[in-house]
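Have a look at the structure first.

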Amino acid sequence: MNMPGQERIVTPAELRARLRRDGELALVDVREELPFSRGHLLQARCIALSRLEVLMPQRIPRRSTPIVLCADAALNQRARGRLASLGYTDVSALEGGIEGWARASLPVFSGVNVPSKAFGEFVEHAYRTPSIDAKELQRLLDARADVKVFDSRPYDDYTAETIPTSTSAPGAELAFRVPAAIVNDDTLVVVNCAGRTRSILGAQSIINAGLPQRVVALRNGTMGWRLAGLAVETGAERRLAAPSPQAAQASRMAAQRFADAAGVREADLPMLHQWLDEREARTLYALDVRTPDEAARDPLPGTLSAPGGQLVQATDLYVGTLQSRIVLLDPEHTRALMTGAWLRCMGWRDVYVAPPHRVRDMAALLATRPAPLPTPASPGLDAAEAQAYMQAMDVTVLDLSWSRHYKRRHVPGAVFASRSHLDAALNAHAGSAGYLLTCEDGRVSGFALAEAQALTRKPVHYLAGGIAAWSAAGLPLTSDEQHWSVEPEDVWLRPFERSTQTRQAMDEYLSWEVDLLEQARLDGSLNFQAYAPQRPT
């Protein structure tokens, strides 16, 4: 029993029961992604303590959401204080954390984006999604057969490496763009990703959209391709053009059939007004499912960019609260309809799409009612001030960016540091006369400033706007001179990103994906459904 003023504790049995009841709930694991990937609750969201102020308002926007912390007791206690300062009012902790859950003989899951990965395996079983292995596809390509290969991953992943001859068509773009690009009845359409999930979902999306040609998933994606001893292509830049108005209309009609079968509902302005009025009692996610390029070029204010394919592939990175309300926006409509249908299949009940002629109006309304976002207490130094500070004294730049971002570009001489281990970074550079904190956009480093200042008597400042502001000021960045104060734990490296035992890691990963569905069934908290679109008469 919890006494007044004590930390609220939820037993594993109580949490298991809550996951089976109606009502919103968020399971938050504040460990970094690498330790999280070694074992966590199926429905837990990895929201690292080091980025809590930045990620929580996006992932769990309603401050009164019931939250259960699922890390160890020490981390949970630190997270409770920080969440309270952010205004979260209903926070409990899982008794014994992840270890307590395991001691109760409840399933623990490795990996990341696990519910979505399990869903991909469900789709293959439920829809009997056809596939082709790497060597058979290579034989067809060598024979110059009528084959079109489409890569369903984000464009950056596609350009890094892909199947030779493939064209980029990320996730929800497949049903929107591919039908207009296939003109021959005998063309074999192949969809690939890095592993299995997006290959399966992408192929089944086109099938559910009614494409008459034969459509298959590339079995095990680029990992399967490499394991077969075949060469990947790097630096590819092939993209599909937007379809003609006539083709776009046909894709919308096809997607509408799938969405209708799945029970996706259409939102309107009065409904959105009501949802915004109810936002203190019910969570609303307004998601722009277009490509990131479109969202950047033509923003829909008040929404979060969540490209449709990635939203289904990694739902936990966009929607932190279970049983919440989701509205999808896309002026072309097809991508919202297809994404909404898959979310319904995943078990999300309250999924809505904005009608295409109301997308701009709804975005404008959302923009007038923005959710409050926390900001660092100090304004920080602008780029010119930071440069002058660095030139005036022996300053160590501590970069708190994601490690992937640090590898890609950082201030020359900057040291990668983790906010969780600021003391170690400061001690390792105790001879410095001062310190400058930075990160991608200045937010994490701004929130970390007070912690760093409490750990040293030397001056500590942060770069307002972070690396983005430094770059915008025309100041130099580099990917060389990498210095690491700690071994990074912020990201789980994909098998092909690892420097050693890559082949073994790929084999293990693919086996893990295949086994996920049965393991998820043992957990019992997912509710996958298969809806079949009606064919036109």
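Predicted model: local features only at pLDDT ≥ 70, side-chain atom pairs only at ≥ 80, totals over all residues.

Residues are numbered from 1 along each chain as its sequence is written, and side-chain values use heavy atoms, with hydrogens and water left out.

**The second largest pocket**

- The second largest pocket holds about 720 Å³ of space. On a 1 Å grid over the protein atoms alone, a pocket is an open set of points with protein on both sides within 12 Å along at least five of seven lines, while a cavity is a set where a 1.4 Å probe fits but cannot get out.
- Grid points are joined across faces, edges and corners, and a volume is the space filled by probe spheres set on the points.
- Its lining has 26 residues, with Pro57, Gln58, Pro61, Ala371 and Leu373 nearest the centre; lining residues have an atom within 4 Å of a point.
- Helix α3 (52–59) gives the most to this lining, with four residues. At least two residues each come from α3, β12 (284–288), α17 (359–368) and α21 (443–455). Helices (H or I, at least four residues) and strands (E, at least two) are DSSP runs, numbered from the N terminus.
- By type, the lining splits into 15 nonpolar, four polar and seven charged residues. Here Ala, Val, Leu, Ile, Met, Phe, Trp, Tyr, Cys and Pro count as nonpolar, Asp, Glu, Lys and Arg as charged, and the others, Gly among them, as polar.

**Cavities**

- Searching the whole structure turns up two cavities of 30 Å³ or more.
- The largest cavity has about 150 Å³ of space. Of its 15 lining residues, Gly171, Ala172, Ser205, Gly309 and Trp342 lie nearest the centre, and the elements giving two or more residues are α10 (197–208), α15 (308–313) and α16 (334–345).
- That lining is made up of six nonpolar, eight polar and one charged residue.
- The second largest cavity has a volume of about 40 Å³. Among the residues lining the second largest cavity are Glu124, Arg196, Arg219 and Asn220, and α10 and β10 (214–218) each give two or more.
- Its lining counts three nonpolar, four polar and three charged residues.

**Core and contacts**

- The largest nonpolar core has 67 residues, and Phe119 and Trp342 are among those that touch the most other members. Such a core is a set of buried Ala, Val, Leu, Ile, Met, Phe, Trp, Tyr and Cys residues joined through side-chain atoms within 4.5 Å.
- Not counting residues up to four places away in sequence, Phe119 touches Leu201, Val312, Trp342, Cys345, Met346 and Phe528; contact means heavy atoms within 4.5 Å.
- Gln310 sits in helix α15, and its side chain makes a polar contact of 2.9 Å with that of Arg198. A polar contact is a pair of N or O atoms within 3.5 Å; within protein, one must be able to donate a hydrogen and the other to accept it, and residues adjacent in sequence count only if both atoms are side-chain atoms.

**Positive phi**

- Asn220, in the loop between β10 and α11 (221–227), has a positive phi near 70°. Asn220 is partly exposed, with a relative accessible area of 21%.
- His333 also has a positive phi, about 80°, and is buried at 4% relative accessible area. Buried means under 20%, exposed over 50% and partly exposed in between (1.4 Å probe, protein chains only).
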